[in-house]
Amino acid sequence: IQEAYELGGLAEVVTRVQCSLETLWNARLDVAVTGESGAGKSTFVNALRGLSDEDEGAAQTGVTETTAQPTAYPYPGYPNVTLWDLPGIGTPSFRADRYLEAVDFTRYDFFIILASERFKENHVRLARAIVEQGKRFYFVRAKVDNDLEATRRRKNPPEEEEVLEEIRRDCRERLGQAGLGDAKVFLLSSFEMEKYDFQAFEDTLERELPGHKRHAFLLSLPNLSGAIIEKKRQLLHQEVWKVALVSSLVAAVPLPGLAFTCDVSILLRKLATYRQDFGLDAASLARLAERAGKPLEALRAEVRSVLGRSINKEVVIGLLGKATGGGLVVVNFFFHRIPIYGALASGGISFHTTYSMLSLCLEELAADSQRVLVKAFDTRTPGQDSWVLSELWEGSGGWWLEQGREPGLLGSLWLWAGSGGWWLEQGGLGARTPGFSWSAGRGWRRRRRGWRRRRRRKSHLQ
Ligand SMILES: Nc1nc2c(ncn2[C@@H]2O[C@H](COP(=O)(O)OP(=O)(O)OP(=O)(O)O)[C@@H](O)[C@H]2O)c(=O)[nH]1
Ligand SMILES: [Mg+2]
């Protein structure tokens, strides 16, 4: 940014930032789902897209051979991310030895080999051929709900985890014998997508994808767990400053009732995509209600943010008006992050306000999304229990690390530990509702609280 600024001033900075955003937003990802006929490929494609088999645009599934040609299924709302439902390997028209050429393997970023029941020779052949072509594959052992159901009928049914571990071991051994020892194996069920190895599957794919593709992959995922929603929130949070920068510099459009100029149409578009990213648009909510068997109204009632309910120019201008007070915290934060900050600040530009507004909307939409998920499945989701924020602070009296859980059903929970002692604190019942709070610990909590507003140095270090 510094370099761009020296080269062509703020105009050059905006061009570059815009360019980097567009690279992210336009990244293509093509994932092939392959395996034997009847393994459950089409059902898996639907589940990964957050659709049930009967939904409009869903892949056709069935007990007889159904998929005859590689078929593209773009994610609803994310046309750049496509799941390819491939025909079964080893069917007469797609013989194993010529399979990869027949399905045009070059167009896929990676393959998911789906197997149900027994491990077959075809799986090894396919995996080897994929690796030979310099592509990556992940091995998914599907329909594990069936396996568990079958063992439950035994006289002395083993523990669920034992059964799963046995299947995992068998797949790994068989792949190992074929010289594919480092293959990644995941046990999944398309009927209970969020269970079993889904989180590990998602984490692995995300970790192994290049940056811009990871962005596309993560945002297109249906909001199946609290952990996914939280990851989306963090990912989007990282680009908020870029959106704020572009919208405040790109066009000088005066806004009624506000003392600054900013391009509201950019904000409008972005906020609408946030709403979709968190599954709060009308179509996503309707699909979720259908899948979870809950009345749509019950899910809608969990959407409490202004934006979650309606997005238009007036709403955005109203939110900007409210956000003007939030500027000060942002000033401190950005002084260290953006070298051209001085130039921005002196222009009296809407950057802080826009940044504060977008960040706040993001937090509120993510919280809405978590509540909707809990309502849909009547359960607290795994991600809500995890430690999701870590921040390193320093002040004249020392340093400390804050780790906390986002306000969820049971309020926020924070652990502060540092050079002066430690504190644990829980407060509030629900996001912004004052409720009970308690704290315990030893050290400098009271002084620390005084610093918090002034001495923040680095945040989101994770
Ligand atoms: N129990 C259970 N059944 C599944 C699962 N996934 C798919 N099925 C069933 O398996 C059958 C085959 O599923 P499809 O998705 O059509 O399989 P496919 O691999 O696309 O089959 P082809 O297109 O013929 O190659 C259907 O009856 C599905 O309902 C699962 O995770 N659990
Ligand atoms: Mg099929």
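Reader: What follows helix 4, and what's its phi?
Author: Glycine 134 follows helix 4, with a positive phi near 75°. Bear in mind this is a predicted model, where local features need pLDDT of at least 70, side-chain atom pairs count only at pLDDT 80 or more, and totals for chains, interfaces and linings use all residues. Residues are numbered from 1 along each chain as its sequence is written, and side-chain values use heavy atoms, with hydrogens and water left out.

Reader: How far does helix 4 reach?
Author: Its twelve residues, 121-132, span 17 Å from first C-alpha to last, close to the 16 Å expected at 1.5 Å a residue (1.5 Å times one less than the number of residues). Helices here are DSSP runs of H or I, at least four residues, and strands are E runs of at least two, numbered from the N terminus.

Reader: Which of its residues are buried?
Author: In helix 4, Asn122, His123, Val124, Leu126, Ala127 and Ile130; buried means under 20% relative accessible area with a 1.4 Å probe, protein chains only.

Reader: And what covers them?
Author: The cover includes strand 1 (29-35), helix 3 (99-102), strand 4 (110-115) and strand 5 (136-141).

Reader: Zooming out, how many helices and strands are there?
Author: The protein chain has 18 helices and eleven strands. Of its 462 residues, 49% count as buried.

Methods:
Chains are lettered from A and ligands numbered from 1 in the order in which they are written. Buried means under 20% relative accessible area, exposed over 50%, partly exposed in between (1.4 Å probe, protein chains only). Contact means heavy atoms within 4.5 Å.
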